[in-house]
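Hello,

Here is the structure I said I would pass on to you. Please open it first, then read the notes below with it in view.

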Amino acid sequence: MWEEFKKFALKGNVLDLAVGVIIGAAFGKIVTSLVNDIIMPIVGLVTFGEDFSNLAYKVIKYGAFLQAVVNFFITAFAIFLFIRLITRFKKKKEEQKTEPKPDLKEELLIEIRDLLKENKRINETS
């Protein structure tokens with residue numbers, strides 16, 4: 001059961017979806033901060049100090065927005081490192097796999113090819 005779970009969890013589609021959800025959530029925080037901490041205070045200034053939520057003037061919180069951007073890049077970099085690590089393990093696992101043994105037809109064709117090459121060499125030297 002553990003092997004089945006690992007195969008499921010480490011599939012490309014599952015990892016892509018997980019990365020998309022995490023990066024999307026982190027980017028959503030940037031958008032929320034941009035609206036709440038930058039745009040809405042400016043809208044409050046345009047409406048003479050009125051804010052739509054509580055009708056009070058808010059100070060522009062560009063620091064909160066910058067922190068959301070920094071958090072996004074930290075999250076994205078951590079996800080990048082995680083995916084890179086998983087990719088390395090997948091490559092090592094693929095390298096450990098041996099080449100599949102050819103079936104009987106392929107073996108016979110290889111033998112015929114080798115015999116023809118040998119016969120050709122013998123004819124050329126004679």
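Subject: what was found

Phe27, Phe72 and Phe73 make up one aromatic cluster. Please keep in mind that this is a predicted model, so every value here is computed from predicted atoms.

**The aromatic rings**

The count of aromatic pairs is three. One of these pairs is Phe72 with Phe73. Their ring centres are 5.4 Å apart and their planes make an angle of 70°, an edge-to-face arrangement. The label follows because a plane angle over 60 degrees counts as edge-to-face.

Phe73 is exposed, because its relative accessible area is 53% and exposed means over 50%.

**The chain as a whole**

The protein chain has four helices and zero strands. Read along the sequence, the pattern is α-α-α-α. Of its 126 residues, 11% count as buried. The chain exposes about 10,800 Å², and carbon and sulfur atoms supply 67% of that area. If you take the contacts between residues at least 6 apart in sequence, 58% of them join residues at least 24 apart.

**The nonpolar core**

Which residues make up the largest nonpolar core? There are six: Ala26, Ile30, Ile38, Phe65, Ala68 and Phe72. Helix 2 and helix 3 each supply at least two residues of this core. Helix 2 covers residues 12–46, and helix 3 covers 62–96.

Leaving aside neighbours within four places in sequence, Phe65 is in contact with Ile30, Ser33, Leu34, Asp37 and Ile38.

Ser33 lies in helix 2. Its relative accessibility is 6%, so Ser33 counts as buried. With neighbours within four places again left aside, Ser33 is in contact with Ile38, Ala64, Phe65 and Ala68.

- Gln67 is in helix 3 and is partly exposed, because its relative accessibility is 43%. Gln67 and Ile30 are 37 residues apart along the chain, and their C-alpha atoms are separated by 8.8 Å.
- Gly63 is in helix 3 and counts as partly exposed at 42% relative accessibility. Gly63 and Asp37 are 26 residues apart in sequence, with 8.6 Å from C-alpha to C-alpha.
- Phe82 is in helix 3 and is partly exposed, with a relative accessible area of 44%. Phe82 and Val19 are 63 residues apart along the chain, and their C-alpha atoms are separated by 9.9 Å.

**The surface**

A nonpolar patch on the surface is formed by Phe27, Val31, Leu34, Val35 and Ile39. Together these residues have about 370 Å² of accessible area. Val35 is found in helix 2 and has a relative accessibility of 34%, so Val35 counts as partly exposed.

**The salt bridge**

How many salt bridges does a search of the whole structure find? The search finds one. Side chains of opposite charge can pair when their charged atoms come close. In this structure Asp114 is bridged to Arg113, with the closest N and O atoms 3.2 Å apart. Asp114 is partly exposed, because its relative accessibility is 36%. Arg113 is also partly exposed, with a relative accessible area of 42%.

Regards

Note on methods. Residues are numbered from 1 along each chain as its sequence is written. This is a predicted model: local features need pLDDT of at least 70, side-chain atom pairs count only at pLDDT 80 or more; totals for chains, interfaces and linings use all residues. Side-chain values use heavy atoms; hydrogens and water are left out. Rings of Phe, Tyr and Trp (its six-membered ring) pair if their centres lie within 6.5 Å; planes under 30 degrees apart count as stacked, over 60 as edge-to-face and the rest as tilted. Buried means under 20% relative accessible area, exposed over 50%, partly exposed in between (1.4 Å probe, protein chains only). Patches are made of residues with over 30% relative accessible area and no salt bridge: like charges are joined within 9 Å, nonpolar side chains (Val, Leu, Ile, Met, Phe, Trp, Tyr) within 5 Å. Accessible areas come from the Shrake-Rupley method with a 1.4 Å probe; for residues, only the protein chains shown count as cover. A salt bridge is a side-chain nitrogen of Lys or Arg within 4 Å of a carboxyl oxygen of Asp or Glu. A nonpolar core is a set of buried Ala, Val, Leu, Ile, Met, Phe, Trp, Tyr and Cys residues joined through side-chain atoms within 4.5 Å. Contact means heavy atoms within 4.5 Å.
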